Amino acid sequence: MKSDEKVLIVDFGGQYKELIARRVRECGVLSLIVPNTRTAEEIAAMEPIGLIFTGGPQSAYAADAPRCDPALFSLGVPVLGICYGMQLMCHMLGGEVSRCESSEYGATRARLESSALFSGCEGVSEVLMSHTDRVSRVPEGFEVTASTELCPVAAMEDAGRGMYAVQFHPETERTERGREIIHNFLYGICRAQGGYDMAGYLSEQTERIRARVGGGSVLLGLSGGVDSSVAAALLSEAVPGRLTCIYIDHGFMRKNETEEIKSAFSRRKLNLICIDARERFLRRIAGVTDPERKRKLIGEEFVRTFEDAARDCGSPEFLAQGTIYPDIVESGTHSAVIKSHHNVGGLPADMGFKGVIEPLSGLFKDEVRKLGLLLGLPRRLVYRQPFPGPGLAIRIIGEVTEKKLEMLREADAIVREEIGSSRSRADQYFAVLTNTRSVGVMGDDRTYDYALAVRAVETNDFMTGEFAHLPYALLSRISSRITNEVRGINRVVYDITGKPPATIEWE
C-alpha cells in the first residue's frame, strides 16, 4: 500500500465530506478529512498529492463564512473545489460569487467541455446540483469548463496552477460521470499511483499492532457488531493467543446472535469470555419506559459488567476498541461535533492500561466489511444489519419484559429473513414492538394483542433516508408469517416515514 500517498479532504461543513473521502479511497488512494482551520504549513507537513475542498452551508462572500489559509493555493498541490469549495476558491482568488436568480437543486443536465478533469466525460450528462449561490465572474487566469441552463459557470479551472472546481457534486451517485471525474483528478492531475486497498491496510496494521504490543496482551469488549468483530479478528491475527475478548449477553440481542458470535470466534487464537448477564440487565430496567433512561441505565450497567469481568483477566497492558473513522470525524476530531461516541476521546486514567489500540480508526464502514471478509469472518456476520448498543430494549416501546423480548426476537427474525432474501432494496430493516394493543380475531376467538411495526429504509449515509418501497406481496408475506408464527402479535403495520422528520430507530 502506498501509505505515503494521500489526498486531504478540507472540510467546510458540507454533508458529503465522508462520501467524498470514500470515493477517493474507492479509486485506490488514501483520503483523510481535515478541518478548514489547518494552516498551509500543517497541510504541507502531511505531504498530500492533492486537496479537495468540500461543500458547505454558507455563502462564500458572507463575513462569517468558513475560510482556509490563502497559502494553500500556493503549495503547488492540485486543488479540486466542490460546490462551496468552488465558490470559496473563486472568492479568495479575486473572482465574484453572487446569489442565483434561480436556485438549482437536484439532477441537472450539464455540458462538460474539454478538460483534464473531464477527460472521457465531455458532452452533456446529468449532474447533481445543490446551490443558491454561483460564480458570476471567474478569477483571472481561469476558464469556464462546464455550464447548465441556469448556471453559466458550472465548472472552472486554471490548469497552469492546478486549480479545478465544479459547482455540482461528482461524489454522489446522481452525477452520471462523477467517479470518472474524481478518478481523472486523482490520476490525471494529481499523478496518483494508487495501490490503497484492504490487503495493504491489513498488512500495515498487523505490523503496527505487533510493534506496539510487543510481548504484551490486549483486552477487547466484543459487542457482536461488525466493528468490534473485525477488530477482534484482526488483533487475533496480529497477536495470536494474547487477545482476550469479553462478550456480554445483556439479554437484548437478536435471535441466535450469541450462538453465532461464539461459533465465529471459537476457532480463532483468542480467549473468548462470554458473560450471561440477562437477568442483571432486565432487573436494572424493570418498569422503565423512557427511552433515554433505558439507554443510560443499560450503558451504565454494561460498563460495570465489563469492569467486573475485566478484573478476572489478569492485567492486560492494552485496551482495544472498534472505533472507526466516522466515529472520529463525528466526535469533532476533524470537524464540528455531530454526536459523541463512547469510544472516542481518551482513556480514563484509572483503568490501568498502557494505552488504547484502535486498529480500524482509519476505515469507513464499507472498508471494515471488506477487511472482515479478508480476515475470513462469516459473511452473515460481516453484513449483519445495524444494531443499536442497547439492542432490542429500545425497539420495544415502553416497559421491557422477557415475554416482549421473545415476541420481538421471533418477529424481527422473520422480517430480516424475508427482506434479506428478497430482491428489494433496503439498507436497514427491523421490527419494533409497539406499546399499542388492538382487537383481532383468530379462528373463532377474539384477541387483544400487540401491534408490530416494520421499518425498512433506503439511505446512503444514515443521516437522511426514505422508507423502502417494498412490494405489497413481500409485506403481506411478512404480516402473514408474524401473525401466524408469533403468539401475542395480531397486527403488523409498515412505517412509511422518512428521516427527517423521523429517525431511523423509534427510540
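Q: Which residue follows α11, and what is its phi?
A: Glycine 376 follows α11. Its phi is positive, near 85°. Helices here are DSSP runs of H or I with at least four residues, strands are E runs of at least two, and both are numbered from the N terminus.

Q: Before we go on, what kind of model is this?
A: It is a predicted model, where local features need pLDDT of at least 70, side-chain atom pairs count only at pLDDT 80 or more, and totals for chains, interfaces and linings use all residues. Residues are numbered from 1 along each chain as its sequence is written, and side-chain values use heavy atoms, with hydrogens and water left out.

Q: Back to α11. Which of its residues are buried?
A: In α11 (residues 365–374), Glu367, Val368, Arg369, Leu371 and Gly372 are buried. Buried is under 20% relative accessible area, exposed is over 50%, and partly exposed is in between, with a 1.4 Å probe and protein chains only.

Q: What do they pack against?
A: Four helices: α1 (17–26), α5 (198–213), α6 (226–238) and α12 (379–382). Contact means heavy atoms within 4.5 Å.

Q: Zooming out, how many helices and strands does the chain have?
A: The chain has 14 helices and 18 strands. Of its 507 residues, 53% are buried.

Q: How much of the contact set is between residues 24 or more positions apart?
A: 73% of the contacts with a separation of 6 or more.

Q: Now the largest nonpolar core. How many residues, and which have the most contacts inside it?
A: The largest core has 43 residues, and Ile419, Leu452 and Ile482 have the most contacts inside it. A nonpolar core is a set of buried Ala, Val, Leu, Ile, Met, Phe, Trp, Tyr and Cys residues joined through side-chain atoms within 4.5 Å.

Q: Which elements give two or more residues to this core?
A: β11 (243–249), α9 (291–310), α13 (402–421), β15 (428–442), β16 (445–458) and α14 (472–485). α13 gives the most, with seven residues.

Q: Switching topic: where is alanine 159?
A: Alanine 159 is in the loop between β8 (155–158) and β9 (163–166). Its relative accessible area is 43%, so it is partly exposed.
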